[in-house]
Amino acid sequence: MGYFTILTPLTKGFWKSGGAIYLANCFSTSWVAKKWVSVDLIGQTHYAFEQQTAHYGRETIHALADAASYFDADKYVIFDGRADYLPQVFEQQFDAVVSITAFEHMSRLSAVIRQAYKALKPAGILFSYHGPIWSCAVGHHCWVRDDLNFNRPGPLFDFAHLLLRPAEMYKLLSSHYPPDVADEAVEQIYFSERINRLFFEDYEMLMRGSNFCRFTCEAYGAGKVEPDILGKLTCLYPRNRQFHAYGCQIVAFRDK
Ligand SMILES: C[S@@+](CC[C@H](N)C(=O)[O-])C[C@H]1O[C@@H](n2cnc3c(N)ncnc32)[C@H](O)[C@@H]1O
């Protein structure tokens with residue numbers, strides 16, 4: 001996990017938003033976070049107690065509304081709640097806010113970035129590594145069945161979610177799957193709240209509009225987009241160019 005190295009010299013507070021990955025080993029000598037506060041929408045998302053969050057079943061989880069009472073309860077504290085609305089006890093508490101593969105799932109990302117800024121101490125760092133899912137080739141982020149999601153080759157060609165309208169998508173899917181499966185897939189691809197459907201450029205723009213004066217927003221995992229597809233995409237989405245990016249890394253600093 002190369003991106004963690006950027007934060008290795010951490011010695012104080014730490015907050016992770018979208019905190020499903022269990023990183024208790026970050027208290028080891030190689031990564032010296034003294035405290036880790038996780039804010040995750042546990043109760044309301046499909047991620048609750050799936051494989052990546054199995055540890056939640058063994059942890060004490062507090063409601064974010066009770067943060068003032070439990071903030072100092074332990075050096076690893078998990079709160080169930082929205083990172084776009086943090087209680088006052090979070091203000092200027094952290095050297096770093098780290099978010100891994102979560103920004104693309106946050107519907108009110110501008111508010112999350114605002115809260116991250118407030119939660120940081122002066123000169124604190126915000127780090128996010130996430131997939132700008134919607135603007136990349138496999139933005140059809142659906143979980144209807146195993147052979148029909150963004151990890152599997154199937155009837156959904158690259159950028160199908162951006163090139164087809166919902167009714168066209170339904171037509172394509174219903175030639176491969178029963179109508180109820182096609183219906184559910186269309187619902188998840190275009191309308192579910194599981195992803196926010198921001199394009200790569202939107203993340204950049206949100207950072208530009210934030211209080212963070214110094215930041216970088218870099219595209220990663222770039223795949224080549226065939227010129228004819230790129231032509232269609234830029235015609236349909238004239239304000240967007242970065243359709244090749246599978247990953248987006250944001251590093252931002254709060255002023256001293
Ligand atoms: C793909 S998971 C990634 C989780 C974790 N960072 C990881 O890498 O395993 C996305 C996470 O974002 C969380 N999430 C979505 N919207 C959120 C919000 N507004 N506030 C806090 N967490 C949120 C979900 O609960 C989920 O745990």
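I started with the largest nonpolar core, which has 42 residues; F79, V97, A116, A119, L126 and Y203 have the most contacts inside it. For the record, such a core is a set of buried Ala, Val, Leu, Ile, Met, Phe, Trp, Tyr and Cys residues joined through C-beta atoms within 7 Å. Buried means 20 or more other C-beta atoms within 10 Å of a residue's own, with C-beta atoms placed from the backbone.

Next I looked up who contributes: β2, β4, β5 (94-100), α2 (109-119), β6 (120-130), α6 (200-208) and β8 (247-253) each give two or more residues to this core. The most comes from α2, with five residues. Helices (H or I, at least four residues) and strands (E, at least two) are DSSP runs, numbered from the N terminus. I also found a second, separate core of nine residues, C142, L148, M169 and A182 among them.

A note on the source: this is a predicted model, where local features need pLDDT of at least 70, side-chain atom pairs count only at pLDDT 80 or more, and totals for chains, interfaces and linings use all residues. Residue numbers run from 1 along each chain as its sequence is written.

Then I checked L126. Beyond its neighbours within four places in sequence, L126 is in contact (C-beta atoms within 7 Å) with V97, A116, L120, F212, I250 and A252.

My last stop was β2 (residues 36-40), where five of five residues are buried. I saw W36, S38 and D40 on one side and V37 and V39 on the other. Strand β2 runs parallel to β4 (residues 76-80), joined by five bridges; pairing takes at least two DSSP bridges. V37 stands opposite V77 in β4.

How values were computed: Buried ≥ 20, exposed ≤ 12 C-beta atoms within 10 Å, placed from the backbone. Contact = placed C-beta atoms within 7 Å.
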